[in-house]
Structure formats: C-alpha cells, structure tokens
Amino acid sequence: IARGYFEQGLYSDAEKIYARLRSIFPSQIEGMERYSTSLWHQKKETDLAFLAHELIDVDRDSPEAWCAVGNSFSVQKDHDQAIKCFKRAVQLDPYFAYAYTLQGHEYISNEENDKALAVFRSAVGVDSRHYNGWYGIGQVFEKQGKYDFAEQHYRTAGGINPSNSLLVTSIGTVLEKLKNPKAALVQYTKACDLMPPSAIARLKRARVLANLKQPHAALEELKLLKAIAPDEANVFFMLGLVHKMLKQKSEAIRNWTIAGNLDPKVRPHMTERDISQILREKSFTDTTITTGTIPHQRRNGAIGGHER
C-alpha cells in the first residue's frame, strides 16, 4: 500500500503507512529507502535524520540505510556528502537501481549533468523497468535543450508508471517547449484527471489555455487551483493575467495586488507585451508550486520539484 502511494507521488499517505509498518516491525529494512524519500519530499529533516540513524543501527551494510543517510544530507543541501552515501549504497549492492537514481539527482543539483546522465543510465541498465531512472535521463536531456530526447524518455517512464501525474506533466512541459501547446494540453488534462489536486498540472493547463486564447476556460481552471493553493502568489498572478485578457481591469489589479502581497517579487502592473511573454514557458517560471497538494516534490516528482 505504501509503495502504491509512493509511486503516485502521494508522499504524506505513503509516510503514514511506512511509519505504521516500522512501529510493528522496527527492524524492517526493505522499502525504507522510499520511506526516507517520502520524508525528503516533505522536508521533514528531523524525522529523516532519525530514520537514517535507526536504519544504520539496524543494518549499516544495507543499501537502504545508506540511501536514507544520503537523503538526510540531501534535504540539508549537502549534495557532496549525499553523493558519497549513495555511492556507498551502490558499493554494497551494485544492482540497487534506486541508489544510482538518487545519486543522479544530486549530480543535477551540483549541475554535473554528464555524471547524472551516466548514473541514470546505470540505473536502467540494472533494472529496465526502473522508471525513476528513465525520468532522470529525460530530465538531463530537457536541461540540455534536447526536448525530443527528453519527451522520449519521459514517455518511457510514463509507460512503466502510468499512474504518476508528474511524469505526464513532464511530457506536457517538453511538448510546450517543442511548440506544440495543443498536445501539451492533452497531457496536462490527463495529469489533472490522474491527480485532481495536482497544482503544477493545473497551473500549466491554465497557462496553455490562456496561450490558446481560451481565457474563460483558463479562469475556471485557476478558480479550482486557488482552492488547492490559496496562498500561492503564482496563482493570483496568473488570475490577474487572465482577467486582463478578459478586459476585467479591476479584477486583474485585485489579483495582482494579492500576488504582490504574497510575494513582493511579483510585478503587479503588466503591459500587453509582458502578458504574451509571461505565457511562454521561458518567461513564466513555475518556481513555487509543486506536484501533489503543494508544496515539495522531487524524487518522485515539480512546481520546482522533480521525480525522484
């Protein structure tokens, strides 16, 4: 059950099941690397450090324990130490695919994309159905601007794990970058169907609808998103843009004012040129919302987060 929640990116639900499992079987090691990642996504540094310490006490020669220790360093943004831990996990079990994947994400954090690509390929080399590794390869290609290759690998990952909305959203993201907004919209809609509270998918879907000159549909999407993320500046910022497209100036100013209060970096007064630029992927950066119910995503999933 916990693994099922984890694969869908429902980390809070997964955590609860894993915690219950450990309360019954405190010496349990199998699956604990994903428990640690569930805590990583939720930025529970103390709980993660405690789990890592306990797992090392139970079996310091298990790759699961070293993955937990690596995740603990990672959540503190000590990526070099995290890499050392994940390398130790691989030394203990060269066929432990997830350790390669976690190592790859740390290399990405250090902007060492070639090393990341190598370890992601090692992950799928030892387990061809390790979708996290295929996603990681796609992520590197996306960062390199090789969007066709990124789409191919994201689709491979999504074919292995079709229930994860982040993978579907990632396909939509590269389709947008390939100048195919209608195809991207199909993917974002699918992601929203898979996980209705997915903030990143809904925000991207609203943006594409606005870009396709469908402001009324975009507005309905943003109303749903506002209920999911009531304190998210980007949502109100986008609402302001859509209201301006609908020539509802007072509503546009109201929403931009709210956005500015939530995040002073948001610019509340936009020109028509700004609007067209902000609707493009390059200008509208999704830096603060995440997949799921908000806020953090990475190893299994981003706004600002990634599958992991």
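Trainee: Where does Leu212 lie?

Mentor: Leu212 sits in the loop between helix 13 (199–211) and helix 14 (215–228). Helices here are DSSP runs of H or I with at least four residues, strands are runs of E with at least two, and both are numbered from the N terminus. This is a predicted model, in which local features need pLDDT of at least 70 and side-chain atom pairs count only at pLDDT 80 or more, while totals for chains, interfaces and linings use all residues. Residues are numbered from 1 along each chain as its sequence is written, and side-chain values use heavy atoms, with hydrogens and water left out.

Trainee: Why is Leu212 called partly exposed?

Mentor: Buried means under 20% relative accessible area, exposed means over 50%, and partly exposed is in between (1.4 Å probe, protein chains only). Leu212 has 22%, so Leu212 counts as partly exposed.

Trainee: Which residues is Leu212 in contact with, leaving aside neighbours within four places in sequence?

Mentor: Pro181, Lys182 and Leu185 are in contact with Leu212; contact means heavy atoms within 4.5 Å. Leu212 and Pro181 are 31 residues apart along the chain, and their C-alpha atoms are separated by 7.7 Å.

Trainee: What makes Gly133 buried or exposed?

Mentor: The relative accessibility of Gly133 is 0%, so Gly133 counts as buried. Gly133 belongs to helix 9 (residues 131–143). Not counting residues up to four places away in sequence, Gly133 touches Thr101, Phe120, Ala123 and Val124.

Trainee: Is Lys77 buried or exposed, and what value decides this?

Mentor: Lys77 has 65% relative accessibility and therefore counts as exposed. Lys77 is in the loop between helix 5 (63–75) and helix 6 (79–92).

Trainee: What is the phi of Lys77?

Mentor: Phi of Lys77 is near 65 degrees, a positive value in a residue other than glycine. Most residues other than glycine have a negative phi. Lys43 also has a positive phi, of about 55 degrees, and is not a glycine. Lys43 counts as partly exposed because its relative accessibility is 34%.

Trainee: Why are helix 15 and helix 16 called roughly antiparallel?

Mentor: Angles under 35 degrees count as roughly parallel, over 145 as roughly antiparallel, 65 to 115 as roughly perpendicular and the rest as oblique. The axes of helix 15 (residues 233–245) and helix 16 (residues 249–262) cross at roughly 160 degrees and come within 8 Å. Helix 15 and helix 16 are therefore roughly antiparallel. Axes are lines fitted to C-alpha atoms, for helices over the stretch in contact, and angles run from 0 to 180 degrees between N-to-C directions.

Trainee: Why are helix 2 and helix 3 called oblique?

Mentor: The axes of helix 2 (residues 11–24) and helix 3 (residues 32–41) cross at roughly 135 degrees and come within 9 Å. Helix 2 and helix 3 are therefore oblique to each other. Among the residues that meet are Tyr11 and Ala14 in helix 2 and Met32 and Tyr35 in helix 3.

Trainee: How do you know how confident the predictor is?

Mentor: pLDDT is the predictor's confidence in each residue, from 0 to 100. The mean pLDDT of the protein chain is 89, and 86% of its residues reach 70 or more. Over residues 281–305 the pLDDT is below 50. Where pLDDT is low, the predicted coordinates should not be read in detail.
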